[in-house]
Amino acid sequence: YINANWAVSDNSEVYANLLYNWHKTTASSFSRFWSPDINGSGGYIWEDDGTCDLGAFECPLNLYQHIFSPEETGGPQKETFDSKSYNFALGWKGTFGDSTWDWDAWYARSSFNVTDTQLWPLTDEIESFFQDKFLGPNLGTFYGYQIYNPDHAKFYEALTPSEYASFLDEIRTESKTWTHNINFLVTNTALFTLPAGDVGMALLATAGKQYWDNPTDPRVLAGDFWGLTGTQGHGERTNHAFAAEFRVPIFKPLTASLSGRYDSYENVDAGSDSKATWKLGLEYRPVETLLIRGNYATAFRAPDMSYVFAGDSGFFTGANDYYRCEQTDQPITDCQFAPVQVQGRRHGNPDLKSITADSWGYGFVWSPNKHLTFRADYYDVTAVSAISDLGD
């Protein structure tokens, strides 16, 4: 971290600060396992050794799962995260002559880069390996599930590290995001004087740009890696805002603060949105040791860039397959297909509107002496609009 100040004159100075961070983490990921055709049937297979009648549902429908031990994988399966980030600001602040007007103009930029590296089984390679080792030839499908005559003894045989490595490949993802903005702030703590005291004011103008790039290996989204999916996306947007705040002493024990702000976001190659918000606060001090306060405000937040710019992405979840339960004459309360793992797809929406909310609260601060202070506050926040996944 570096911080520097340079006095340009008696009433202004230039300042700069830089915070740089590098962080590398190598961690053991969760246990790896394999199930037959996880991307299609959820690991269930019909076992037909030729002595049962599959059409009469006499053949067993079993879920197989081989969990790889550290002895099989050659040690813990590691994933490495290498991240670099910085925050930088350069500004000039001071006072207009001998007045009560202060100003502050600055440029700020922050950036975060992360590289994620790991080894993961390839779908075709691991399926072929276990089909040759354990499953044997495919005998078709029945009600959407594969039919095999598996060799149970071979299923429990341990793999060697070289066998395990034969169906692995590296996944390397490099993601980047940055934001920068210019800001200009003017303040005056004594704009003019009322009988109860000075009126203070602050004015702010800001403009900036945000960038988000979260790629992933195309093979992940295509299902080339066994039981794995991912998210990806890219986008940028500009924003600007104007804000004003006033602090007004109404009478000696009562002070009001009133503020307003206007924000506008414009997405490159996407939609845009803007919103005006405001806040009113009151502070009442009946005696020197007690402060009672309350406020009401409206709130605004632009959608996260991943909600707006996310490309076609995948996820896994569990669901009850009641249709298959009915087709196999299984009772709903005792169904083998509840739950089963299914894969879903999702993507962002460039036309998303912003999140808005209303809030209010009240509280007090009591300081009976200089060594003791009691504080209590109540907050109530109601989301007027929120972002959620849209179903089919």
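Let's start with helix H2 (residues 123-135): a straight helix of 13 residues would span 18 Å at 1.5 Å a residue, yet H2 spans only 15 Å between its end C-alpha atoms. Please keep in mind that this is a predicted model.

Which residues of H2 are buried? They are Thr123, Ile126, Glu127, Phe129, Phe130, Lys133, Phe134 and Leu135. Seen down the axis of H2, these buried residues fall within an arc of 160°, so they line one face of the helix. On the face turned away from that buried side, H2 carries the exposed residues Asp124 and Asp132. After H2 comes Gly136, which has a positive phi, near 80°.

Now for the strands. Strand E7 (residues 78-95) runs antiparallel to strand E2 (residues 12-28), and 17 bridges join the two. Within this pairing, Leu18 stands opposite Phe88 in E7. E7 is also joined by 17 bridges to strand E8 (residues 101-121), again in an antiparallel arrangement. Here Phe81 stands opposite Asp116 in E8. The hairpin of E7 and E8 has 5 residues between the strands, and Gly97 takes a positive phi near 60° in this hairpin.

Next, the charged side chains. Side chains of opposite charge can pair when their charged atoms come close. How many salt bridges does a search of the whole structure find? It finds 11 salt bridges, including those in this table.

| Glu174 | Arg172 | 3.3 Å |

In the Glu174 and Arg172 pair, Glu174 counts as partly exposed at 48% relative accessibility, and Arg172 is partly exposed with a relative accessible area of 47%.

Glu283 is partly exposed at 28% relative accessibility, while Arg247 is partly exposed with a relative accessible area of 42%.

Asp377 is partly exposed at 35% relative accessibility, and Arg293 is partly exposed at 27%.

Technical notes: Residues are numbered from 1 along each chain as its sequence is written. This is a predicted model: local features need pLDDT of at least 70, side-chain atom pairs count only at pLDDT 80 or more; totals for chains, interfaces and linings use all residues. Side-chain values use heavy atoms; hydrogens and water are left out. Two strands pair if DSSP finds at least two bridges between them. Helices (H or I, at least four residues) and strands (E, at least two) are DSSP runs, numbered from the N terminus. The expected span of a helix is 1.5 Å times one less than its number of residues. Buried means under 20% relative accessible area, exposed over 50%, partly exposed in between (1.4 Å probe, protein chains only). The arc is that of the directions from the helix axis to the C-beta atoms. A salt bridge is a side-chain nitrogen of Lys or Arg within 4 Å of a carboxyl oxygen of Asp or Glu.
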